[in-house]
Structure formats: C-alpha cells, structure tokens
Amino acid sequence: MNDSRPLPPLAAFGAAPRHRTTGVRVGEVQVGGLVAGQPAPVVVQSMTNTDTADIDATVKQVAALARAGSEIVRITVDRDEAAAAVPHIREKLLQRGVNVPLVGDFHYIGHKLLADHPACAEALDKYRINPGNVGFREKKDRQFGAIVEAAIRYGKVVRIGANWGSLDQELLTALMDENARSAQPLEARAVLREAMVQSALLSAERAEEIGLGADRIILSAKVSAVQDLITVYRMLAQRSTYALHLGLTEAGMGSKGIVASSAALGILLQEGIGDTIRFSLTPEPGGDRTLEVRAAQELLQTMGFRTFVPQVAACPGCGRTTSTVFQELARDIQDWIVASMPEWKTRYPGVETLNVAVMGCIVNGPGESKHADIGISLPGTGETPAAPVFIDGQKAMTLRGPAIAAEFKTLVGEYIEKRFGV
C-alpha cells in the first residue's frame with residue numbers, strides 16, 4: 001500500500017513452514033484450515049464471462065458452472081448496471097436451488113459500487129481486490145480501505161489478488177530503484193516476482209490494520225508463466241499463513257491451457273500450497289465454459305486429493321487394437337457416468353470412488369481390469385472374440401457377440417446399485 005512503512009528487503013525470505021489451523025468461510029464453503037481434524041479439501045473455483053448486467057445469461061452460466069462442480073463462482077462487477085444486477089442474480093439462483101458462493105470481481109471503482117449498491121455488497125460472499133488498480137497515488141489507501149470496511153460491515157471475505165498484468169507500479173519502481181543501488185543486483189524478473197509478493201502481503205497487512213481478520217483474507221498472485229507462478233507462490237507460502245488461491249492467468253486455449261495450468265498447479269498442490277484453484281482457460285468461440293471446472297476437478301482427482309466422478313481407465317490403443325469397439329465403449333461409459341452423476345450423487349453415496357476399466361487386448365487388459373472395481377478386456381486384433389469381465393478382482397463372466405458393449409453397461413449399472421445403493 002502507499003504508506004510510509006519501509007519496504008521489506010529484497011532478500012527477505014521467511015523460513016518458517018506454512019501452518020494454518022484457521023480456515024476461511026466463503027458462504028457455506030470451507031477454504032483452508034481443518035475439517036474434522038483433517039486439512040480442508042482444495043476448492044474448485046470458476047468465473048463467468050457473461051455481462052453481469054445481463055441477469056438471465058449470468059444466472060444460466062453460474063448455474064451451469066455450479067452443476068459442473070464449481071464450488072465458488074466469480075462474476076465481474078464493473079459498473080452500476082452490473083452491481084444493481086447482483087442481488088437479482090442471487091435471488092434467481094436460489095429459486096433454481098443453486099446456492100453457490102458468489103465473488104464480486106472489482107477493479108478501479110469497487111469502493112464506489114459497494115457504497116452505492118448495498119444490496120450488491122450484501123448479496124456477494126467475497127470481494128476480489130486487485131492492489132494494482134484499486135486506486136492510484138493518494139487515492140489508493142482510501143479506496144482500498146473503503147472496500148475492506150465494506151467487507152467488515154457485511155461480514156464478507158476479501159481476496160487480495162495481485163496480477164502480473166496490472167502490478168502496483170509505485171511499488172515496482174521503488175523495488176527496482178532499490179535493486180539498482182544494491183551491490184549485487186537481482187535480475188529484473190526476480191524483482192518483479194518480489195513486487196508481486198510484497199503487493200499481496202503489504203495489502204493484507206493493511207487490511208488487518210483496518211480490522212479485517214486474517215481468517216477473512218485470501219491471497220493470490222497471478223502470472224502467466226509456469227516457472228514464475230511456482231516461484232511466486234512458494235514465496236507467498238513461506239512468508240505468510242493466509243489462505244491461497246492458485247491460478248495461472250491467461251493460461252490459453254485447449255490443451256495448451258490445460259497442460260500449463262496442470263503443470264504449475266500440480267507442483268504447488270503436491271507441496272501443500274493452495275486452498276482454492278481455477279483453470280483460466282480461453283474457451284473456443286461459443287465454447288463450453290464448464291471445461292475449466294472439469295479440468296480442475298480432473299487434476300485434483302488424478303493427483304489423489306479429491307474424488308468427483310468415477311474413474312474410467314481405458315487402453316490408449318496400438319497395432320493390436322485395430323477395432324474401435326473399446327474406444328467407443330470407453331467413450332459411452334464416460335459420457336453415461338457424467339450424465340448420470342447429478343442423480344447418482346444423491347442416490348448412490350460414494351459412487352464417485354468407483355473405478356471402471358475398458359481395455360482393448362489381452363496384453364494388459366485382464367490385469368488392468370482386475371485392478372478396477374469392474375472392468376472388461378475386449379478382444380484385440382486376431383484374438384478370440386470373447387471379452388472377460390472382472391468384478392472386484394475376480395473373473396465374473398465372459399461376454400460374446402454383438403451386444404458386448406450394452407451388456408457391460410448393464411453390468412456396471414447393476415454393480416453400482418448393489419455396492420452403493422442405499
């Protein structure tokens with residue numbers, strides 16, 4: 001923040017391990033801390049790309065993101081029309097039975113919008129502040145303080161989110177000047193990283209001075225390069241105990257964005273860093289916004305941190321599997337599971353832990369199928385046209401004929417009913 005306190009030296013790098021027993025409550029969602037004596041699960045977050053002033057479009061997208069598994073949804077609040085729409089969005093979501101926490105993304109005039117639209121301030125569960133554009137020069141502290149005071153007044157959480165693309169220029173200039181005077185100056189990129197960390201930490205310190213509890217503060221430091229993100233969050237984790245939101249900003253489109261986000265977030269999560277995550281994917285024109293939710297869930301499930309849907313292990317295919325039967329069956333089973341999960345969640349508690357295997361030939365098929373709860377090993381090229389089915393590690397039967405796929409799907413349904421049915 002813009003005050004008279006001396007800046008921490010560039011070399012300051014706390015050595016204390018990160019340990020937090022008090023979490024942050026965002027609506028009904030627990031972020032960080034402990035739940036029943038165990039670390040709270042990492043929370044999946046997403047963001048709409050609709051004009052928030054368009055109430056119906058925003059409600060539709062928030063509901064879709066929540067149904068896909070987003071546990072917190074951020075919406076843009078950039079002008080009076082958007083702020084005025086927020087309480088109506090909340091009301092319509094509740095009418096649909098969607099009670100997902102909403103985060104207001106504020107830039108430049110957030111202090112004014114919260115003051116002018118108290119119903120918006122009340123309807124949101126969390127306010128996101130960017131220290132780089134909350135205000136400039138003499139207005140910075142005053143406008144930052146106004147948002148924090150609104151959060152205190154309404155009992156809300158604040159995410160202080162520094163961003164590489166809108167970094168506090170006064171802070172960056174001061175650190176660059178200090179670095180230039182140093183006997184052993186750092187590379188400019190290292191100074192930029194330090195500026196990101198200090199921007200978040202100094203802002204959090206200021207928020208606590210105003211009266212916001214540490215258990216209502218979440219920090220983030222978004223950059224678009226994988227190695228920079230890893231370094232910045234390691235620094236934040238070593239120098240603070242605040243809850244941390246992870247995300248690679250401007251990750252990109254398609255597989256590039258998914259791979260980049262997975263690489264960065266996977267390393268940090270493995271090190272115990274991060275309490276909420278978001279995959280900031282660029283959708284195809286008219287594309288499905290919920291892809292970013294599914295990608296985040298798949299990362300957490302693949303790493304063994306959470307379970308969201310049953311796992312389907314499938315053979316990648318090779319010269320022994322010239323038939324496409326196993327590919328089609330794996331796709332059908334996967335699509336069927338995704339479509340069925342909204343009902344299964346209430347009808348079959350624990351079904352998300354199910355493991356299904358759809359294999360394509362005799363080499364690894366039987367062994368992989370035995371490791372699954374229920375699996376099938378389809379015949380490869382030149383193999384006997386028979387498909388053994390394994391249930392709980394034991395061969396249960398062999399399927400033959402043109403209806404193998406349909407019969408196996410029926411067996412999966414029966415297994416789910418028997419094992420998870422109440």
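What you have here is a predicted model, where local features need pLDDT of at least 70 and side-chain atom pairs count only at pLDDT 80 or more, while totals for chains, interfaces and linings use all residues. Residues are numbered from 1 along each chain as its sequence is written, and side-chain values use heavy atoms, with hydrogens and water left out.

**Overall build**

- The chain has 13 helices and 19 strands; these are DSSP runs numbered from the N terminus, with helices being H or I of at least four residues and strands being E of at least two.
- Its C-alpha trace spans about 80 × 55 × 45 Å along the principal axes.
- Of the 422 residues in the chain, 49% are buried (buried is under 20% relative accessible area, exposed over 50%, partly exposed in between, with a 1.4 Å probe and protein chains only).
- Take the contacts between residues at least 6 apart in sequence: 67% of them join residues at least 24 apart (contact means heavy atoms within 4.5 Å).

**Helices H7 and H8**

- The axes of H7 (residues 188-210) and H8 (residues 226-239) come within 10 Å and cross at roughly 45°; axes are lines fitted to C-alpha atoms, for helices over the stretch in contact, and angles run from 0 to 180 degrees between N-to-C directions.
- That makes the two helices oblique to each other (under 35 degrees is roughly parallel, over 145 roughly antiparallel, 65 to 115 roughly perpendicular, and the rest oblique).
- On the H7 side, the contact residues include Arg-193, Glu-194 and Val-197, and on the H8 side they include Asp-228, Val-232 and Arg-239.
- Sorted by class, the contact of H7 with H8 has seven nonpolar, three polar and five charged residues; Ala, Val, Leu, Ile, Met, Phe, Trp, Tyr, Cys and Pro count as nonpolar, Asp, Glu, Lys and Arg as charged, and the others, Gly among them, as polar.

**A closer look at Glu-194**

- Glu-194 lies in helix H7, and its 2% relative accessibility means that it counts as buried.
- Glu-194 and Leu-175 are 19 residues apart in sequence, with their C-alpha atoms 8.3 Å apart in space.

**The five-stranded sheet**

- Five strands make an open, mixed sheet in the order S15-S16-S17-S18-S19 (two strands pair if DSSP finds at least two bridges between them).
- S15 (311-314) and S19 (394-399) sit at the edges with a single partner strand each, so one side of each has no neighbour in the sheet.
- From one strand to the next, the twist averages 15°.
- S16 (residues 355-359) and S17 (residues 374-377) run parallel and are joined by four bridges.
- Val-358 stands opposite Ile-376 in S17.
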